[in-house]
Amino acid sequence: MPETSDTTARAELRTLVQRHGADLANQLQAHHRNTFPPEAEKTIRQFSPAEASRLIGIHEGYLRQVATEGKGIAPTIKNGRRSYSVDAIHEIRKHLDQGARGNRRYLPHRTAGEHLQVITVMNFKGGSGKTTTSAHLAQYLALHGYRVLAIDLDPQASLSALFGFQPELHVGENETLYGAIRYDERQRSIAEVVRSTYIPDLHIVPGNLELMEFEHDTPRALMTRKAGDTLFFARIGQALAQAQNLYDVVVIDCPPQLGYLTLSALTAATAVLITVHPQMLDVMSMAQFLQMTGDLLDEVAHAGASTSYDWLKYLITRFEPGDGPQNQMVAFLRSIFGEHVLIHPMLKSTAISDAGLTNQTIYEVERNQFTRSTYDRAIESVNFVNAEIEASIRQAWGRAA
């Protein structure tokens with residue numbers, strides 16, 4: 001009898017979990033349809049003349065002058081106020097670059113001899129701000145004129161949702177990066193899974209649960225591999241090579257685990273960004289994560305993988321400046337890792353977390369949705385972090401920061 005009761009209880013638990021999963025997925029889809037109807041497309045807000053001029057790198061007065069010179073780059077005027085769309089900013093940047101003299105460049109695209117920057121954003125523990133960091137970094141770089149590809153490698157697909165691609169609704173079979181790295185005859189080119197976004201020169205490869213198939217397929221592929229087969233750790237790099245000349249920077253949002261996907265992303269990377277929440281439990285978890293990562297990279301290196309990087313940085317996330325223990329932890333990390341810790345932390349902010357509730361970033365929400373000081377402090381923090389990462393990218397190319 002006890003065995004029968006135990007079996008029944010387990011069956012009931014399985015049924016309950018399945019039902020709760022289905023109910024939650026249905027409600028989330030209904031919520032998404034209400035927030036973003038099927039005919040609606042996600043957009044990004046207009047930018048003030050001051051913001052637009054900062055993004056382009058010119059004075060506001062010069063922006064007004066340039067905006068009168070060509071079609072398609074005039075500001076939008078509403079209630080007597082001027083603003084610029086991301087498309088107008090993009091066109092102004094191209095217009096200026098065509099007439100630029102000397103070494104002045106408004107389109108910071110990489111040139112011959114400057115290799116594609118592949119930034120793998122990772123952490124072993126959830127809740128460290130990994131996806132938020134990836135989204136803001138990709139948008140910042142694109143808004144500043146770089147050609148960016150964001151890759152959602154996390155089966156939970158939070159990055160995809162932030163960009164308006166709900167995994168259950170908008171991402172079908174073989175439409176994730178799995179389609180470009182799978183082992184069978186259904187493998188596709190990466191161009192077939194790349195999608196454009198509402199920001200010019202920012203593309204995304206969305207994710208969903210299908211990515212887990214790579215974790216299941218790889219052991220079989222290792223057992224049955226033939227001479228000439230591309231091993232798992234080289235498959236993302238091989239896929240990216242197909243789009244080598246189309247982008248300046250690739251930002252990969254990794255799953256919070258050390259599986260075959262993460263190892264392949266690390267092998268493809270030219271740079272690694274590790275997010276750290278400055279709490280003792282998180283840092284203890286990271287210590288184990290780093291040791292396991294090092295051991296696994298040793299193994300793939302022996303199998304022929306490249307593990308050389310332009311830079312590795314730790315980003316302090318969800319930082320509260322008034323929290324004494326957090327400050328002590330940051331000082332502790334700086335004493336160990338030195339210059340590998342970014343100077344600027346990502347501040348904990350209600351503006352960033354509240355924006356995330358509606359699948360938006362701080363670059364997408366309107367300033368008037370928050371108190372000015374809250375919004376300004378949040379966007380200043382995000383910009384400082386991303387500008388520091390941009391400096392590392394430029395330094396890897398041999399440019400002035």
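**Glutamine 117 and its chain**

The chain has 38 positive and 44 negative side chains, and the centres of the two sets lie 7 Å apart. Lys and Arg count as positive, Asp and Glu as negative; His and the chain ends are not counted. Each charge is placed at NZ of Lys, CZ of Arg, CG of Asp or CD of Glu.

A word on the source. This is a predicted model: local features need pLDDT of at least 70, side-chain atom pairs count only at pLDDT 80 or more, and totals for chains, interfaces and linings use all residues. Residues are numbered from 1 along each chain as its sequence is written, and side-chain values use heavy atoms, leaving out hydrogens and water.

Now the fold. We have 15 helices and 9 strands. These are DSSP runs, numbered from the N terminus: helices are H or I, at least four residues, and strands E, at least two. Buried residues make up 48% of the 401 residues; buried means under 20% relative accessible area, with a 1.4 Å probe and protein chains only. The C-alpha trace spans about 85 × 50 × 50 Å along its principal axes.

On to glutamine 117. Where does glutamine 117 lie? In strand β3, residues 117-122. Glutamine 117 is buried, at a relative accessible area of 0%. Its side chain makes a polar contact with the side chain of aspartate 310, at 2.7 Å. Another goes to the side chain of histidine 115, at 3.2 Å. A polar contact is a pair of N or O atoms within 3.5 Å; within protein, one must be able to donate a hydrogen and the other to accept it, and residues adjacent in sequence count only if both atoms are side-chain atoms.

Definitions and conventions:
Buried means under 20% relative accessible area, exposed over 50%, partly exposed in between (1.4 Å probe, protein chains only).
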